[in-house]
Amino acid sequence: MPAFLAMNPHGRVPVIRDDEATVVWESHAILRYLAARHGAGRFWSDDPVMRARVDGWMDWSQTALQPDFLGGVFWGFFRTPESQRNRPAIERALARCEQHFAKLERLLENNPFLLGETLSLADITAGTSLYRYFELEIARPPLPAVERWYRTLQQRPPFRKHVMIPFEELRGRPDH
């Protein structure tokens, strides 16, 4: 544990070591670092205006979408055994998620990706919730543009390898 705490003082994952001197922690910091270091401007622009747009959607996904979906719906519904679920809290989180996905729907109606014609870090951070959202047995409003975006992301090998990870082992069990 001391070796890990030397890499990340918070003692949490994710953490990457890119070389002997470079350790980065926190998922969005890791994504920004990898895009800046290895992405050749493809996912995170050198243009400060475009970068600010990407950052805004990354921050939104981290502070709005992911807490409501992962914390409220996924963990509350899927991870918690049925007998222990807080249905009113799950329903409130699901309603907030519907509002979040409605924003994405409007944005994606005329664009293949969140910020236009090309994939960016904004798509990666917001898109990580799509696999679980569409695979859970929950009620969802029709979202044709979001569904098209999800199908587009599914065609990408890194999305299939790193996001579309079976989560059945996370299901809540009555003995836990």
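In this predicted model, helix H4 (residues 87-108) packs against helix H7 (residues 144-154) at an angle of about 80°, and their axes lie 7 Å apart. Angles from 65 to 115 degrees count as roughly perpendicular. H4 and H7 are therefore roughly perpendicular to each other.

Which residues in H4 and H7 meet? From H4 come Phe-101, Leu-104, Glu-105 and Leu-108. From H7 come Pro-144, Ala-145, Val-146, Arg-148 and Trp-149. By class, this contact of H4 with H7 has seven nonpolar and two charged residues, and no polar ones.

Now look at the core. In soluble globular proteins, nonpolar side chains tend to be buried together. Here the largest nonpolar core has 42 residues. Those with the most contacts inside this core are Phe-101, Leu-104, Leu-136, Val-146 and Trp-149. H3, H4, H5, helix H6 (130-135) and H7 each supply at least two of its residues. The largest share, 10 residues, comes from H3.

Take Leu-136. Setting aside neighbours within four places in sequence, Leu-136 is in contact with Phe-69, Val-73, Phe-74, Phe-77, Phe-78 and Phe-167.

Next comes helix H2 (residues 27-38). How far apart should the ends of its 12 residues be? At 1.5 Å a residue, H2 should span 16 Å, and its end C-alpha atoms are 16 Å apart, which agrees. In H2, His-28, Ile-30, Arg-32, Tyr-33 and Ala-35 are buried. The buried residues of H2 pack against strand E1 (15-17), strand E2 (23-25), helix H3 (48-79) and helix H5 (121-127). After H2 comes Ala-40, with a positive phi near 50°.

Key: Residues numbered from 1 in each chain as written. Predicted model: local features only at pLDDT ≥ 70, side-chain atom pairs only at ≥ 80, totals over all residues. Heavy atoms only, no water. Axes fitted to C-alpha atoms, helices over the stretch in contact; angles between N-to-C directions. Helix = DSSP H or I, 4+ residues; strand = E, 2+ residues; numbered from the N terminus. Parallel < 35°, antiparallel > 145°, perpendicular 65-115°, else oblique. Contact = heavy atoms within 4.5 Å. Nonpolar A, V, L, I, M, F, W, Y, C, P; charged D, E, K, R; others polar. Expected span 1.5 Å × (residues − 1). Buried < 20%, exposed > 50% of the residue type's maximum accessible area, 1.4 Å probe, protein only. Core = buried A, V, L, I, M, F, W, Y, C linked by side-chain atoms within 4.5 Å.
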